[in-house]
Amino acid sequence: MNHEFMEALDELEKDRGIDKEILIDTIEQALLTAYKKNFGSAQNVRVEIDRERGDVRVFSQRVVVDESDLYDTFLEIELNDAREISPSYELGDIIENEVTPKEFGRIAAQTAKQVVVQRIREAEREIVYNEFMDKENEIVTGEVARVNKNIVYVNLGRIEAIMTQAEQIPGEHYQAGQKIKVYILEVKKTNKGPQIVVSRSHPGLVKRLFEFEVPEIFEGIVQIKSVSREAGSRTKMAVKSIDEKIDPIGACVGPKGSRVKNIVDELGDEKIDIIKYSDDPAEYISASLSPSKVEKVEVNEEEKSALVVVPDYQLSLAIGKEGQNARLAAKLTNWKIDIKSESQAKQDQE
């Protein structure tokens, strides 16, 4: 190693934020291992790198001991022998002698290069990890890199993310080169670097899309209180306005339905029901069963359950195909909902 190598470490510190001193310490530890491996030394040794010139030197170390305690001449030296070297030595002092092999320079350069490359790789992984940790629960645009065994690999620029089958929209097909918006679900640290899991099926994707599309939501005037979703089929979203003059549903739908249409198009014609949130559970549950009409809602606050009565001709609409409408309403409100027709409710009363 040489002066140019040390300057290169300075550049690394400046450009990549890798602490030079920590890097040198790491190289010294690696060189110590390399020395013991290549020269089979039974001695205690210390490797030192000159911070200015980059010179590498190896020193053997022996502890000064009393004659009666001498056990290993590789590791220890008698006090009398030590004082022949220098009268100032005392018991417990460390005596060092340079033992740098002539051919150690080549090994040192090779080892240092490996350490630096590894450290750069680790630093880059850390940078990528931190960058995407800040984007967790956000939307990013990526490009489909490839599809393999139901897993979609999405290129996000500095890293490839994975989208498992559970995070895909059922029925949606992905092709290499296709641009898609994805929701960053999880960022994990692994031995091979950061792993990013993205989703197209998560309710958070719908929420973020509305934040981008609707200025009133982005500005906080309209709030998204809850989202329930069965990806590729239907989503229910409850919204509330903090300004009485602004209709939260109208703001989300947009002029001639333009805002909600953009989101529906992005999600492949997924149906989206936007309902008005209410602090009154009965009112909220009634709205959540849209588009069906509701005659009556009886709530049980303790059990957080509700009995909903609908007109006979609206029962199938309220429940929905395969129970979807009722299921999404229950997820949206976080209430257990029991739906009955008027005639069923009447029979139960009798």
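G257 sits in the loop between α7 (248–253) and α8 (258–266). Helices here are DSSP runs of H or I with at least four residues, strands are runs of E with at least two, and both are numbered from the N terminus. G257 is buried, because its relative accessible area is 14%. Buried means under 20% relative accessible area, exposed means over 50%, and partly exposed lies in between (1.4 Å probe, protein chains only). Now look from G257 to Q110. The two are 147 residues apart along the chain, and their C-alpha atoms are separated by 65 Å.

A word on the model itself. It is predicted: local features need pLDDT of at least 70, side-chain atom pairs count only at pLDDT 80 or more, and totals for chains, interfaces and linings use all residues. Residues are numbered from 1 along each chain as its sequence is written, and side-chain values use heavy atoms, with hydrogens and water left out.

Step back to the whole chain. It holds 12 helices and 15 strands. Its C-alpha atoms fill a box of roughly 110 × 50 × 45 Å along the principal axes. The radius of gyration is 35 Å, whereas a compact globule of 350 residues would have one near 20 Å. That radius is taken over C-alpha atoms, and the globule rule is 2.2 Å times the number of residues to the power 0.38. Of the 350 residues, 42% count as buried.

Next come the charges. Side chains of opposite charge can pair when their charged atoms come close. How many salt bridges does a search of the whole structure find? The search finds 29. A salt bridge is a side-chain nitrogen of Lys or Arg within 4 Å of a carboxyl oxygen of Asp or Glu.

One of them joins E28 and R51, at 2.8 Å from N to O. This pair links distant parts of the chain: E28 is in helix α2 (residues 20–39), R51 is in the loop between β1 (44–49) and β2, and they are 23 residues apart. E28 is buried because its relative accessible area is 12%. R51 is partly exposed, at 28% relative accessibility. E28 and R51 also belong to a network of salt bridges with E21 and D25.

Another bridge stays within a helix. E211 and R208 meet at 2.7 Å, N to O. Both lie in helix α5 (residues 203–213), three residues apart, about one turn of the helix. E211 and R208 are both buried. R83 and E90 form a further bridge, at 3.0 Å, N to O. Here R83 is partly exposed at 33% relative accessibility, and E90 is partly exposed at 43%.

Finally, visit some loops and their backbone. Where is the cis peptide bond? It runs from S290 to P291, with omega near 15°. P291 lies in the loop between α9 (281–288) and β13 (296–300). N137 has phi near 70°, a positive value in a residue other than glycine. N137 is in the loop between α4 (104–133) and β5 (139–148). Its relative accessibility is 34%, so N137 counts as partly exposed. E322 also has a positive phi, near 55°, and is not a glycine. E322 sits in the loop between α10 (315–319) and α11 (324–333). With 71% relative accessibility, E322 counts as exposed.
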